[in-house]
Amino acid sequence: MKVRAFLIWVTVGCVTTTLAVSGQATATSITNAPPLPPPPPPPPVRSGSSQRPLPPQPAAPAFPQRIRANPTNRPPGFSWPVPFTNTGFRPATNRTPAPVLTPLAPFPLVFDAESKTIDPQPGQTNVTFTFKFTNTTPTEVTIDRVQTSCGCTVAKLPAMPWKLAAGTNGEFQVVADLRGKRGLYSKMVYVYTSQGFKALNVKVNLPDPASSPAAERMRNLQIAVADRQAVFKGDCARCHSDPGVGKKGRELYQAVCGVCHEAERRATMVPNLRALKHPTDAEHWRNWVTHGKAGTLMPAFSQTDGGPFTQEQIDSLVAYLVENIPSRPVSAPGVPSALPTQ
């Protein structure tokens, strides 16, 4: 009798079961499974029929019922996998301990200030900073070099290297070139020594050229060219009109006329009265002071022409000019006198 073997792998969860079936005998390794019912009998053969009976068929493979994964049906020696659990951070025992940082020693030179600021005067082209210092260490300190952050700032020092004994003092200068600069001028100065370096700072507050006296003067000249009488209005009157109130002769000339004609930096359009290139007399001065001259900066000072002077003040001023500013002689005959053209 031929025996056919069927290997059936049944997997439930993590359980694997092998079934072997041979003929009508079924062997199973599944425990606690109920017995299977016997196969049904073959159908009867009709009489007189030519149908030949079928040979005996092997029994159908028996499949066990679904096995639930529970502790009661695990095969011997089987164990469920242990799930991963985080046991927490465990520091390594062979790590190198972190080095202990020691604070840096203080800089050996103590300066009177590490940052200095200067407000220059108008028109000043350079400024000088002086840094004083003391060697506070019990040993000698050597200054190797002093370097600035810009070529327009120069440190003036003795010959390098500069050796400073313990407890001694010293100083050096830093010169800043301000030409072409505006706004806040700030540069760094680095002092390199045998025991470290120190960064110093120099600052210069430069006025904006738009608000400088030279720029304001230029604006006033432009206003005067457009309107000669503007010098008697607004803020200009404080210099060109108000100082002459109640004054005569010499005092009137010094208070009002000398502000422009005797100024060290007078405008090129303002002539020097003591170097005129034509003769002068009382009528010349009177006409010039009373009515001014069109096309120049000379305003009309007479009250009838919009100026601040009374007729009495004009007469006293003319007398002072004739007496104190000599007339230039006529250089050649036939040349008529004229008002100043400068």
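What follows is their conversation, in questions and answers.

Q: Before we start, what kind of model is this, and how are its residues and atoms treated?
A: It's a predicted model, where local features need pLDDT of at least 70, side-chain atom pairs count only at pLDDT 80 or more, and totals for chains, interfaces and linings use all residues. Residues are numbered from 1 along each chain as its sequence is written, and side-chain values use heavy atoms, with hydrogens and water left out.

Q: How many helices and strands does the chain have?
A: Helices (H or I, at least four residues) and strands (E, at least two) are DSSP runs, numbered from the N terminus. Here the chain comes to five helices and twelve strands.

Q: What share of the chain is buried?
A: Buried means under 20% relative accessible area, exposed over 50%, and partly exposed in between, with a 1.4 Å probe and protein chains only. Of the 342 residues in this chain, 28% are buried.

Q: And what share of the contacts join residues at least 24 apart?
A: A contact is a pair of heavy atoms within 4.5 Å. Taking contacts between residues at least 6 apart in sequence, 59% join residues at least 24 apart.

Q: Let's do strands. Which strands does β6 pair with?
A: Two strands pair if DSSP finds at least two bridges between them. Strand β6 (residues 126–135) pairs with β4 (residues 109–111) in the antiparallel sense over three bridges, and Leu109 stands opposite Asn135 there. Nine bridges join β6 to β10 (residues 169–177), also antiparallel, with Phe131 opposite Phe172.

Q: Which residues of β6 are on its covered face?
A: Val127, Phe129, Phe131, Phe133 and Asn135 are on the covered face, while Asn126, Thr128, Thr130, Lys132 and Thr134 make up the uncovered one.

Q: Which residues form the aromatic cluster?
A: Rings of Phe, Tyr and Trp (its six-membered ring) pair if their centres lie within 6.5 Å; planes under 30 degrees apart are stacked, over 60 edge-to-face, and the rest tilted. That rule gives nine aromatic pairs. Phe111, Phe131, Phe133, Trp162 and Phe172 form one cluster.

Q: Which charges sit over rings?
A: The test asks for NZ of Lys or CZ of Arg within 6 Å of the ring centre and within 35 degrees of the ring normal. Lys116 has its charged end over the ring of Phe131, 4.9 Å from the centre. Lys187 lies over the face of Tyr185, with 5.5 Å to the ring centre.

Q: What about β7: which strands does it pair with?
A: Strand β7 (residues 141–148) runs antiparallel to β9 (residues 162–164), with three bridges between them, and Thr142 faces Lys163 across that pairing. Five bridges join β7 to β11 (residues 183–193), again antiparallel, where Thr148 stands opposite Val189.

Q: Where is the cis peptide bond?
A: Most peptide bonds are trans. The bond from Met160 to Pro161 is cis, with omega near 0 degrees; Pro161 is in the loop between β8 (153–156) and β9.

Q: How many disulfides are there?
A: A disulfide needs a pair of cysteine sulfur atoms within 2.5 Å. A search of the whole structure finds zero. Cys150 is partly exposed at 25% relative accessible area, whereas Cys152 is buried at 15%.

Q: How do I read the length of helix α5?
A: The expected span is 1.5 Å times one less than the number of residues. Helix α5 (residues 311–324) has 14 residues and reaches 20 Å from first C-alpha to last, close to the 20 Å expected. Its buried residues are Gln313, Ile314, Ser316, Leu317, Val318, Tyr320 and Leu321, and these pack against α3 (249–261) and α4 (282–291).

Q: Is Glu251 buried or exposed?
A: Glu251, in helix α3, counts as exposed because its relative accessibility is 51%. Its C-alpha is 9.1 Å from that of Leu317, 66 residues apart along the chain.

Q: Why does Thr280 count as buried?
A: Because its relative accessible area is 13%. Thr280 lies in the loop between α3 and α4. Leaving aside residues up to four places away in sequence, Thr280 touches Trp285, Ile325, Pro326, Ser327 and Arg328.
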